[in-house]
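The following note reviews a single protein model, point by point. Please read it alongside the sequence and the coordinates.

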Amino acid sequence: CDFGQIVVEKIGDRQPCDCVGHSMGGLDIAAAVALCDPPLLNVQNFITFGSPLRGTEWGEIRVKLGRLLPRLLPHLLDQAKSMDPDQPFIKRLQSPESLRRLLSRVQNVYSLYGTRDMAVRRSPKLSYKDIDPNWHGADPEEFKKKVRVIDIQGAEHTGSLGITQDPRAVLWLVR
């Protein structure tokens, strides 16, 4: 929740806002809304592009590679560890309770995925079956209204500046 806490501090509880997170930035925003204390409560639209909200097996692979190749860039190893589905942060973020909090605190979730990046290509998408069916208001139709998963086939995950520059994703966001 460290980066989530930074998001909470930077945005604060001012007027309603929309948050856009690319890749790990989506994890940070989700943590700010669902896990931090105090949470970020003024997000209307949570838009994420290529964020492995449920972790990614690539995180586990990179951690294993780091053991074999210890000179691999340390920041890449730290990032990989944080996205490994077995890490406590990801387990906490993907718990039904955290997902309920996330969905109850934002008006809409738009989750855009590109498929060319190894880190997110195989990452499971946010789905209704992840929500606790005993949760009051756990209605598949309400979930469909609130959560939209948009698969932009073949989209670039990361451009030369470290963010997505795929016009299909950018145009979808600004329309």
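1. Order of elements. From the N terminus on, the elements of the protein chain follow the order α-β-α-β-α-α-α-α-β-α-α-β-α. The protein chain thus presents nine helices and four strands, where helices (H or I, at least four residues) and strands (E, at least two) are DSSP runs, numbered from the N terminus.

2. Basis of the values. This is a predicted model, in which local features need pLDDT of at least 70 and side-chain atom pairs count only at pLDDT 80 or more, while totals for chains, interfaces and linings use all residues. Residues are numbered from 1 along each chain as its sequence is written, and side-chain values use heavy atoms, with hydrogens and water left out.

3. Chain totals. Of the 175 residues of the protein chain, 44% count as buried; buried means under 20% relative accessible area, exposed over 50%, and partly exposed in between (1.4 Å probe, protein chains only). The accessible surface of the protein chain is about 9800 Å², and 55% of that surface belongs to carbon and sulfur atoms. Accessible areas come from the Shrake-Rupley method with a 1.4 Å probe, and for residues only the protein chains shown count as cover. Among contacts in the protein chain with a separation of 6 or more, 74% are between residues 24 or more positions apart; contact means heavy atoms within 4.5 Å.

4. Helix α1. Gly4, Val7 and Val8 of α1 are buried. They lie on the same side of α1, because they cover an arc of only 100° around the axis; the arc is that of the directions from the helix axis to the C-beta atoms. Asp2, Glu9 and Lys10, on the other side of α1, are exposed. The cover over the buried residues of α1 includes α2. Just after α1, Gly12 has a positive phi of about 70°.

5. Packing of α1 on α2. Two packed helices are described by the angle between their axes and the distance between the axes. For helix α1 (residues 2-11) and helix α2 (residues 24-34), the axes come within 7 Å and cross at roughly 75°. The two helices, α1 and α2, are therefore roughly perpendicular to each other. Phe3, Gly4, Val7 and Val8 of α1 make this contact with Asp28, Ala31 and Ala32 of α2. By class, the contact of α1 with α2 comprises five nonpolar, one polar and one charged residues. Axes are lines fitted to C-alpha atoms, for helices over the stretch in contact, and angles run from 0 to 180 degrees between N-to-C directions. Angles under 35 degrees count as roughly parallel, over 145 as roughly antiparallel, 65 to 115 as roughly perpendicular and the rest as oblique. As to class, Ala, Val, Leu, Ile, Met, Phe, Trp, Tyr, Cys and Pro count as nonpolar, Asp, Glu, Lys and Arg as charged, and the others, Gly among them, as polar.

6. Helix α2 and its contact with α6. Ten of the eleven residues of α2 are buried, including Asp28 and Met24. α2 also packs with helix α6 (residues 96-105), at an angle of about 85° and with the axes 8 Å apart. This makes α2 roughly perpendicular to α6. Ala30, Val33 and Ala34 in α2 meet Ser98, Arg101, Leu102 and Arg105 in α6. The residues of this contact of α2 with α6 are four nonpolar, one polar and two charged.

7. Ser23, in the loop between β1 (17-22) and α2, has a positive phi of about 55° although it is not a glycine. Ser23 is buried, with a relative accessible area of 12%. In the loop between α2 and β2 lies Pro38, which a cis peptide bond with omega of about 5° joins to Asp37.

8. His157 belongs to the loop between β4 (147-152) and α9 (167-174) and counts as buried at 5% relative accessibility. Phe49 and His157 are 108 residues apart in sequence and 7.9 Å apart in space, C-alpha to C-alpha. Phe49 is part of strand β2 (residues 43-49) and is buried, with a relative accessible area of 3%.

9. Asn108. This residue, Asn108, lies in strand β3 (residues 108-114) and counts as buried at 16% relative accessibility. Leaving aside neighbours within four places in sequence, Asn108 is in contact with Gln44, Asn45, Phe46, Lys145, Lys146 and Arg148.
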